[in-house]
Each structure stands twice: as structure tokens, then as C-alpha cells.
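This report describes the overall build of one protein chain and then turns to a single residue. The sequence and structure come first.

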Amino acid sequence: MKLTMISSNELDKWLEEKQCMLIDVRTPSQYYECHIDGAVNMPYERIHTMLGSLPKSIPVIFYCERGSSSLDVCKQACRLGINGITVVGGLHEYRGKYKVRNHF
């Protein structure tokens with residue numbers, strides 16, 4: 001499968017207009033602190049064993065804090081036949097309306 005890279009600005013459009021799955025590859029504590037609404041947390045350290053269970057029928061969007069870990073996971077997913085998309089700049093760059101912050 002072909003790897004697709006989208007900007008953080010394009011993410012809202014994808015989430016609103018396309019059927020897709022959103023995966024946050026950061027740690028559970030990072031996810032709890034702040035994430036994008038609708039994302040499933042699959043930490044980078046464990047996701048490699050879960051890639052085979054991801055859907056091949058819809059695009060799967062991966063993001064992390066700044067983009068490098070999600071790019072690595074996305075490449076692996078594409079090798080398995082998953083339509084992988086990575087968010088360039090990750091959550092650090094995302095300013096969209098789906099950001100969820102938990103305050104302690």
C-alpha cells in the first residue's frame with residue numbers, strides 16, 4: 001500500500017469527510033493528558049504486535065507527538081497492506097477542533 005502524509009490542518013477534514021480509523025501511538029499517560037477525540041491509543045512499544053488486526057478496508061491514520069514514531073508505524077502498516085496515513089508534525093502541530101485535554 002502507498003503511504004500518505006497529511007498535515008495537521010488536513011486532519012479535521014479527514015475526520016469529518018472520510019471513513020477512517022485514528023490511532024494515537026503515544027504512551028497511555030500522554031494520551032490521557034491530551035489526544036484527538038475518537039483516537040484509539042495503541043502505544044508505539046506494543047503496536048507492532050497489533051498491526052495485523054487493523055482494518056485494510058478503510059484508511060488508518062496514525063499520529064504521535066511530533067510525527068516520527070507515527071511515520072515509522074505507518075510504514076510498517078503499509079507493508080502489511082494497510083492504507084496508512086501519518087500526520088506530519090503530530091499532535092504538537094495540531095490546532096483542530098477535536099483536541100481533548102484533561103486537566104489535573
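## Surface and burial

The protein chain has an accessible surface of about 5800 Å², and carbon and sulfur atoms account for 50% of that area. The model is predicted. Of the 104 residues in the protein chain, 40% are buried.

## Fold and dimensions

The protein chain contains 5 helices and 7 strands. In sequence order these elements follow the pattern β-α-β-α-β-β-α-β-α-β-α-β. The protein chain has a radius of gyration of 12 Å, close to the 13 Å from the globule rule for 104 residues, so it is as compact as a globular protein of that length.

The C-alpha trace spans about 40 × 30 × 20 Å along its principal axes. Taking contacts between residues at least 6 apart in sequence, 68% link residues that are at least 24 apart.

## The setting of Asp12

Asp12 lies in helix α1, which covers residues 8-17. Asp12 is in contact with Tyr94, Gly96, Lys97 and Tyr98, when neighbours within four places in sequence are set aside.

Which side chain of opposite charge is nearest to Asp12, and how far away is it? That side chain belongs to Lys97, at 5.9 Å. A salt bridge requires a nitrogen-to-oxygen distance within 4 Å. Asp12 has no salt bridge, although Asp12 is buried. The side chain of Asp12 does reach the backbone nitrogen of Lys97, at 3.1 Å.

Conventions: Residues numbered from 1 in each chain as written. Predicted model: local features only at pLDDT ≥ 70, side-chain atom pairs only at ≥ 80, totals over all residues. Heavy atoms only, no water. Helix = DSSP H or I, 4+ residues; strand = E, 2+ residues; numbered from the N terminus. Buried < 20%, exposed > 50% of the residue type's maximum accessible area, 1.4 Å probe, protein only. Lys, Arg positive; Asp, Glu negative; His and termini not counted. Polar contact = N/O pair within 3.5 Å; in protein donor to acceptor, adjacent residues only side chain to side chain. Contact = heavy atoms within 4.5 Å. Rg over C-alpha atoms; globule rule 2.2 N^0.38 Å. Areas by Shrake-Rupley, 256 points an atom, 1.4 Å probe, with all protein chains shown as cover.
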